[in-house]
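I opened a new notebook page for a structure I had not looked at before. What could I look up, one entry at a time?

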Amino acid sequence: MRKLFACAAALAVLCAFMGCCKGIKDKVTKETKTLETTPGGGAVAGAIEGHYAAAGTNPDGSSYKCEVEIKKNGQAYPVAWYFDGKLAYEGTGILKGNTFVVGFINPQGYGVVAYDIKADGSLDGTWTGKGATTAGSEKLTKK
Amino acid sequence: MRTLLLVAALTLVASFALAADVVGTYTGHGANPGGAGGYDCDVVVAKNGDVYSVQWYFGGNLGYDGVGIMKNGLFCVGFASPQGYGVVVYTANADGSLDGVWTMPGATDLGTETLKRK
């Protein structure tokens, strides 16, 4: 308890010495840093852009492989899925905490995929498309 | 450790509660990305097997059709209309309302949308 008082007193003196503005600035910087580091495993928001190799299962249970590119455009994330080198689906995504959520479309239909951002930089996704009554999965591994 | 387990259990219960609760009809109020005006709509959320269907009505007319899943306690919906497509992510509030952020291709920032149960 005595230590705590000593700390508080030292802080008060320091605060008076440095001025309040510095303290506020420090707090803002600290909060920004906290936001950048997700609570799960240290995956950093903003680092999801890149090229990925993807392996997935369709809602009907069949499997597929493709390549995925994630870019950043302000607060939104454009996403593209390539099958055999050809663009097959386009998407736009939002980063929400440790979850990356993307709406996607192609001439045949549209859907949604939500990825868990893992500490090793891989993305663990669950997805569905219009008309499906079950969800598929998709795992992205950074190239 | 006991507290941690309790928190984990409560989180699990909360996510199940959210999964069961999003079905219903809502009054929606939103703001477009980039401060490009606000809008009002009616939203219907239904469950279809393991996934959700979502419809947005503007002035009584169907404007957007969506498909949704639950992930990490978030209600994640992809939507489309003849004019385009996009994504919206909602978090649930204790009163059953949903707070969403959304975007469409070309937008560089996010719109918002709050759904209140009818």
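My entries follow in the order in which I made them.

**Ground rules.** I am reading a predicted model, where local features need pLDDT of at least 70, side-chain atom pairs count only at pLDDT 80 or more, and totals for chains, interfaces and linings use all residues. Residues are numbered from 1 along each chain as its sequence is written, while chains are lettered from A and ligands numbered from 1 in the order in which they are written.

**Confidence.** I noted ipTM 0.85 and pTM 0.77 for the model. For chain B I found an average pLDDT of 89, with 83% of the residues scoring at least 70; pLDDT is the predictor's confidence in each residue, from 0 to 100.

**Chain B, overall.** I counted elements next: chain B has one helix and eight strands. These are DSSP runs numbered from the N terminus, helices being H or I with at least four residues and strands being E with at least two. Along the sequence the pattern reads α-β-β-β-β-β-β-β-β.

**The barrel.** How do the strands of chain B close up? Eight of them form a barrel in the order 1-2-3-4-5-6-7-8, with antiparallel pairing. Two strands pair here if DSSP finds at least two bridges between them. From one strand to the next, I read an average twist of 30 degrees (axes are lines fitted to C-alpha atoms, for helices over the stretch in contact, and angles run from 0 to 180 degrees between N-to-C directions).

I picked one pair to check: strand 4 (residues 61–71) and strand 5 (residues 74–81) of chain B run antiparallel and share seven bridges. In strand 5 of chain B, Ala80(B) sits opposite Asp65(B).

**Strand 1 of chain A.** I looked at both partners of this strand. With strand 2 (residues 63–70) of chain A, strand 1 (residues 50–57) of chain A runs antiparallel over eight bridges, and His51(A) has Glu69(A) as its bridge partner. The hairpin of these two strands has five residues between them, and there Gly61(A) has a positive phi near 100 degrees. Strand 8 (residues 136–142) of chain A also pairs antiparallel with strand 1 of chain A, over six bridges; Ala53(A) is bridged to Thr141(A).

**Val43(B).** Buried or exposed, I asked of Val43(B)? Val43(B) is buried because it has 25 C-beta neighbours inside 10 Å. The cut-offs are 20 or more other C-beta atoms within 10 Å for buried, 12 or fewer for exposed, and partly exposed in between, with C-beta atoms placed from the backbone. Val43(B) belongs to strand 2 (residues 38–48) of chain B. Beyond four places in sequence, Val43(B) touches Tyr26(B), Gly28(B), Val54(B), Gln55(B), Trp56(B) and Leu115(B); contact means C-beta atoms, placed from the backbone, within 7 Å. Across chain B, buried residues make up 35% of the 118 residues.

**Between the chains.** I found 29 residues of chain A and 27 residues of chain B in the contact. On the chain A side, strand 5 of chain A gives the largest share, six residues.

**The core.** The largest nonpolar core has 56 residues, and Val101(A), Val112(A), Phe75(B), Cys76(B) and Val89(B) have the most contacts inside it. Such a core is a set of buried Ala, Val, Leu, Ile, Met, Phe, Trp, Tyr and Cys residues joined through C-beta atoms within 7 Å. I followed Cys76(B): its contacts beyond four places in sequence include Val101(A), Val112(A) and Ala114(A), along with Val89(B).

Note on methods. Two residues are in contact if their C-beta atoms, placed from the backbone, lie within 7 Å.
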